Structure formats: structure tokens, C-alpha cells
Amino acid sequence: MLDPQLLRNELTQTAEKLAQRGYQLDVQNWQQLEASRKAIQVETEQLQNQRTTISKSIGQAKAKGEDIQPLLSQVASIGDKLEQSKNQLKTILTEMEAVTLYTPNLADDSVPLGDDENDNVEVSTWGTPKTFDFEVKDHVQLGQNNQGLDAESAAGLSGSRFTLLTGEMAQMHRALSQFMLDKHTQQHGYKEYYVPYMVNAETMQGSGQLPKFADDAFITEDERYLIPTAEVPLTNLVADTILDEAELPIKMTAHTPCFRREAGSYGKDTKGMIRQHQFDKVEMVQIVHPEHSFAALEEMTGHAEAILQDLELPYRKLVLCTGDMGFSATKTYDLEVWVPAQHTYREISSCSNCTDFQARRMQARFRNADVKKPQLVHTLNGSGLAVGRTLIAVMENYQNDDGSITVPAVLKPYMNNKSKVNKAK
RNA sequence: GGAGAGAUGGCAGAGCGGUUGAAUGCACUGGUCUUGAAAACCAGCAUACGUUAAUAGCGUAUCCAGGGUUCGAAUCCCUGUCUCUCCGCCA
């Protein structure tokens, strides 16, 4: 949610900034709502004040044994008017809330303007894509060759966009998440969490997935949502709390499966395990003092980069343009890893500063020693990294002529010191 | 799944349907005292919204949430959520 003061006092500028993101705020409608809200709220509060005042004097009169009848008839006329006024106010506030819940965060001034992913700006690249002296296979072929990746069995069990991993592929998948968690907890200062994979609607609303993106999530019969990312449970851990300033920053990480309907992505990335209904991810979340959130974004993106560097996977870093950013973000870096078979970079991490947007929805605050008042925290989240896509990247970048895959050095301790897997039979 | 108990300010914990935003204690902040600290004593200390130039006043709301009764609800009634205890089942 945006600061309501922005919509009240800087409506035109705010609408312009929202338009950069492709969101059209109905300014006229909002102004009308705001005007009637003002009038009706004042009226309601006045009526309420009258009623309370008279009710109090009834109490006093009764205590003194005076006749309360005149007071009762005085208050009688207020009831209906108040009721009506209250209902009107409620209707307007509900309407206004609907607008604010559907309005995205504002982009930071440092974010490049643009319409879609074509306008994202490359910030840096790392590593050099390896040249192969044989014809590279994609991860699907590599997986099939070695019977470690089985889309057909998964489809039989669950349908499209699911993958089954077996043997050393499953082991490498596990090794990757272990490695990532160890790196973040031991070197980057994050605390490890094990979290629920199902959350309630309130939690989904807190981090911005609801109400606007209900179609993207799986919902259970008892109205719980399968988490689309560990960002949801982790970030909401501070919902409705007032933290001590000394507790900040809070740095959390968790390895979870992520569930996404992928509604509207029909035909996109149907081959292989690039885009799945279920995938594993190691997520980083930071809860920080508002002054430090942009520095924290740089730091957190660095933590994701460190994983790729340790795995020696070439990647590039992009800053997303205004039109391509997620709903809650004010600034986002994407990391894209080199995928040899596609001869291109593919997204493997996304790190965002959400400023106070999620914090306001969740009412996550800290007691500011300077101001002494509770103040909204800033929240950040980043993938560190998407495990399935990392597995793909390792398979393809570390493939050998015979179809085997060399184990990256940092993964060896997690794989019984094997140096190669999936030797073609 | 069955039976019972509960949910009040940062925490603990009072509260008869009437001037209760709410006793008291702890914590916290400022002060007195002290060479300094502790102790003691004094004072202050919720949040949100509205109005406003105002972080000044004034007003409104908030005692788990949502309904209801009433002139008036933290207090009474209904529904829901969560927590705890006991029983059953169970990885």
C-alpha cells in the first residue's frame, strides 16, 4: 500500500509515477471519493460526539436521581442519522481501500523508465560463457540421457509443468540448496527458517499477492494458499509487530518449494524445467531501517551473486525498468545466468526493495529512537537462488562431450566428493 | 474428532452496563539525590484516523475479529479465529 498522504496531498505527481509503471489511477474518481469521505467522516464524528455527550449526561442524571426522559428524547433523533452516516462512510472507505490494495508501489527515481522486459538495463556481467568444442545439449537431453530428469513420469503423476528428478540429479538438486543455505547462514549473516508452505489470505495480502493476483496462486479447499515463494511467510513474520530498533536488520533465509499456477503463461517455456508449477528456491528476506534499504538491496543482490560466482556460472545483472517490476517493488535487480543451449541469459534471481509498501499492509513497524514513534520498516526479498534453474545452469554449463556433468568444486562436499555425475551408459 | 478454560496497553495483570483510554506492577524516558553507579523519591509514557501551518489544540475510533442488544458496551448475547488443558487418533 502506498502512503495515503501521497494520494491525498500529491495526487497528480503520484498518478504520474504510477503511470510510469503502466498503472492508470482514476484521479477524478479518487478525488470524488476523497471529497465525500471528508464530508461524511466529519459529519459522522460530530454525530457520534453528540451521542456520547448526551449518553454521559444520562449516566450523571441517573446517578443524581434526575429525570432522564428529556435527554432520552434528545438522543433518539441522533440514532438514525448516525446509522445512515456510518453506512455511507463505510461504503466509501471500502471503495477507497479497494483502490489502494490494487495500486502498485512507486518506482524509485533511479529506476529506468520502460514498458517491458526489453527496456531493462544491464548493469554488469560476470564470467565468460564457456565455448564448447562439441554440440551442446540442453538440460532436457542431458537429463534424459542419464535418466535423471523425467518429465513424462511427473506428467503422469501431476500433469504438465512438473518434473521428477532421480538419482544423482536429485542429489545435485539437494546439494545446491544445502550449499546455498550454508553460504547465506555462515557467510552472509542470515538466520535459517523452516516455514509453513500454506498460508492464510491475510498473509498473502500482507506481502502483496492478494487481492490482485489471486489467479496466480493455488488455493486449498479450506482457503489456505500454497506459497508462491518463501518471501510470503518470512516477510509476514513481522506483521503486526513493533520491533526494537536494535533488532534491525533482521536477515532471514529459507529453502522451500514454491507453487505457481502460471496462469497466462501458456506456451511459454513448456519444455524442460524452466517454468514449473512447483520449484524449490532458497529465499532471502531482510527487514531493515528505512534509511538502509537501498544499501541492503545492493548487499542482498551481492549475496545472490556470490552463489553464482562460487558455482562459476556466468551471469549478468539487470535493473528492471518501471514497466517490468513486480507489484510491491520500488527497485529490482534481476540476475540472469548463462544458459548455453539457449545461448542466452535466463532469470535465476530477483532481488527487490519494497520500501514500506509491504510493511504498511502488514503494519510492521519499529520504535525509532529519534522520533520515539513507531515507524514502518522497509522490507526486501531476493532469490538466492532458484534451485531448479540453478540445476539447469550447472547441467548445461558443466556438461562434457560424453554427456556427463562435472560437479562444481563447491558442491563436491555435498555430493560425497564425486567429481562427475551422470556418465552416459 | 470430543470436553473445558481463556484472549485487555512493550510485558504482566485488575476491571459493578454509565464521566474507563482503561487500576496496579514491571520495562522505558526525564529529573532529584550521589564522586560515579545502584537504591530511593518525583514526573512522564498507547496507536490510528480526522481537522489543522502544526509532531499545538480539539474530535473520532481501538480492550482478538465480525455482528447484535442498549440512550450508553472492555463489561451482556451470537458467530468466527487463535491459544491453553484433558481425552481420542496419529508421522
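Modeller: In the second largest pocket, α6 is the element that gives the most to the lining, with 3 residues (helices are DSSP runs of H or I, at least four residues, and strands runs of E, at least two, numbered from the N terminus). A pocket is an open set of points on a 1 Å grid over the protein atoms alone where a 1.4 Å probe fits, with protein on both sides within 12 Å along at least five of seven lines, and lining residues have an atom within 4 Å of a point. This one holds about 400 Å³ of space, filled by probe spheres set on points joined across faces, edges and corners. Its lining has 25 residues, of which Ser 160, Arg 161, Phe 162, Thr 270 and Gly 272 are the closest to its centre. Two or more lining residues come from each of α5 (139-145), β2 (149-150) and α6 (151-158), and by class the lining has 8 nonpolar, 9 polar (Gly among them) and 8 charged (Asp, Glu, Lys, Arg) residues.

Around RNA strand B there are 22 residues (a heavy atom within 4 Å), with Arg 8, Lys 38, Asn 49, Ser 55 and Lys 62 coming nearest. Helix α3 provides the largest share of that surface, 12 residues, while α1 (4-9), α4 (69-102) and β13 (364-367) are among the elements that each supply at least two. By class, this surface divides into 4 nonpolar, 7 polar and 11 charged residues.

Residues are numbered from 1 along each chain as its sequence is written, and chains are lettered from A and ligands numbered from 1 in the order in which they are written. In this predicted model local features need pLDDT of at least 70 and side-chain atom pairs 80 or more, whereas totals for chains, interfaces and linings use all residues; side-chain values use heavy atoms, leaving out hydrogens and water.
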